[in-house]
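Biologist: I have a two-chain model open and would like to learn how to read it. Could you walk me through it?

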Number of protein chains: 2
Amino acid sequence: MPAEADPAPFGRVAVLGLGLMGGSLARALSGLAEGPRVVGWSPEASERSAALASGAVAEAAPDAEGAAEGADLVVLATPLAAACALAGRVAGILADDALVTDLVSLKRPVFEAARAAGLAERWVGAHPMCGGAEAGFAAGRADLYEGARVWVAPGLSPGLAPEPSVVRVEAFWRSVGGKPARIDADAHDRLMVEVSHVPQLTANALARLLAEADVAEDSLGPGGRDMTRLAASTPTMWRDLLAHAPDTLPRRLRALAAHLGTLAEMVEARDADGLDAWMAGTRAWRSGL
Amino acid sequence: MPAEADPAPFGRVAVLGLGLMGGSLARALSGLAEGPRVVGWSPEASERSAALASGAVAEAAPDAEGAAEGADLVVLATPLAAACALAGRVAGILADDALVTDLVSLKRPVFEAARAAGLAERWVGAHPMCGGAEAGFAAGRADLYEGARVWVAPGLSPGLAPEPSVVRVEAFWRSVGGKPARIDADAHDRLMVEVSHVPQLTANALARLLAEADVAEDSLGPGGRDMTRLAASTPTMWRDLLAHAPDTLPRRLRALAAHLGTLAEMVEARDADGLDAWMAGTRAWRSGL
């Protein structure tokens, strides 16, 4: 890409959703030296008050429409279904040059909602690869996005957001410490099956196996804790994601099950060399070799 | 248990193996106000020098026998096969009242070696549930055992170590910050299948799945990183463990594969309520509810 002038920063950002992700984003934006005016909204009155009291937002609007009004960037920091619903609610309110971004970890369903709301070309989707086990405003922190990969997808073709808008939203994510990386929406969603959906459900399957064996959670060592941490994820967030997961997900879960079957056979056959080769291969991959 | 006088501390401890586990133990012991004299040995001359230079050991012996001579506690901080081999090497050298402990994560094979070496009643096995991704003396730290559960098993019946010896070894592990918990050797090994072997092989299976899909390791978010961290474990350590794993391991791997198959069916059927119930159950377990 040719060098170009810094894109115009946003002057007024509406953060809809003030949980872990939105609350952290509001904190980060409000902590910037020449940051935007941050207007927040959450369906929870207590989170609106907490965000206002902490200085994470300059204003807390009583409804999403009020927050979006006059914003030049609207950030939908909610789970999938809420983001799709909010797309319809704010569509009529946005100024002509306002942009929308979101943090949903599947991009196609959100872009379909954007298209239905007539917002396709003003919507630059994002997916920051960070988070935490705890939910809610109180769990947030200003540096949550620091160093996090942020996937940025310009929408679905036809109807992609124009390049200057994408560049502007990338600069926005960079301003809070994120590392934007451009990706096609469907390629993103297929990647999420691998790096997010399958690992999540694997943690759930493993946790169920251990719970059925009456293993106490405090009998876990560091490895077992790592491998089941995701089993404490909020079911409500995953409900929508799994409902909209790419069709490849069941096939990938079965492929993983087949791999476990192969490992079971090798253990049974005391095939030390086979196990060794398998582990050496995954060690090389995981160490980034 | 009735209150009793503190057991006699050990005056001279031989730590055989100066990698992550043994090196950390030596550091912790040498940092104690009235700790034992620590004699170390490693097959690696470089680790012996490093341990001596850092003050983690007061003496570094050129061979295992030399380190064990005169010790009143010998700690085998090596992988399984080496611990079994060392049992035979030090058996003839130990003073009559010297005790042995080890850190191997499977207890039956080690106790069988102890029995073969004539050391059964002087051997109190241990398994500290801590560690780290990096191996070697340099990766160690004095607080590695701080707060860690340390399983303590008195051997195999007949030939269990007498109670005062067990209590003494428990006090030893407590002195470096560990939290000893008594367990039967076979119950321990079956528990390890659940909390260690199955999670380890699951990480390997998942990592292989992702590697096959050409997913770059740096595309992982925090959850995917947690779920594949163990895939970077050292194959050599696992070689012995898997060779001696309890017979239940293949069956448990297949049970996990079946759970993944069930999840695949629910995803395919868009059974949101079924997935919700599954995730709520594992969330309750993992949160210790």
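Modeller: We will go through the interface, then a strand pair, then some backbone details. This is a predicted model, in which local features need pLDDT of at least 70 and side-chain atom pairs count only at pLDDT 80 or more, while totals for chains, interfaces and linings use all residues. Residues are numbered from 1 along each chain as its sequence is written, chains are lettered from A and ligands numbered from 1 in the order in which they are written, and side-chain values use heavy atoms, leaving out hydrogens and water.

Biologist: How much area do chain B and chain A bury between them?

Modeller: The size of an interface is often given as the accessible area lost when the parts come together. Buried area is what two parts lose on being put together, with a 1.4 Å probe, summed over both. Here chain B and chain A bury about 7,600 Å², 66% of it on carbon and sulfur atoms. In chain B, the residues that lose the most area to chain A are B:Met279, B:Trp285 and B:Arg286, together 11% of what that side buries. Counting contacts (heavy atoms within 4.5 Å), 81 residues of chain B touch 81 residues of chain A.

Biologist: How many salt bridges cross the interface of chain B and chain A?

Modeller: A salt bridge puts a side-chain nitrogen of Lys or Arg within 4 Å of a carboxyl oxygen of Asp or Glu. That rule finds 14 across this interface; one of the salt bridges joins B:Arg254 and A:Glu268 at 2.9 Å, N to O.

Biologist: Which helix of chain B gives the largest share of the side that touches chain A?

Modeller: Helices are DSSP runs of H or I, at least four residues, and strands are runs of E, at least two, numbered from the N terminus. Helix 7 of chain B supplies the largest share, 18 residues.

Biologist: And which strand does strand 6 of chain A join?

Modeller: Two strands pair if DSSP finds at least two bridges between them. Strand 6 of chain A has four bridges to strand 7 (residues 149-153), running antiparallel, and A:Pro128 stands opposite A:Val150.

Biologist: Where is the cis peptide bond in chain A?

Modeller: Look at omega: from A:Ser157 to A:Pro158 the bond is cis, with omega near -5°. A:Pro158 lies in the loop between strand 7 and helix 6 (163-175) of chain A.

Biologist: Is A:Asp214 buried or exposed?

Modeller: Buried means under 20% relative accessible area, exposed over 50%, and partly exposed in between (1.4 Å probe, protein chains only). A:Asp214 counts as exposed, at 71%. A:Asp214 also has a positive phi of about 60° although it is not a glycine.
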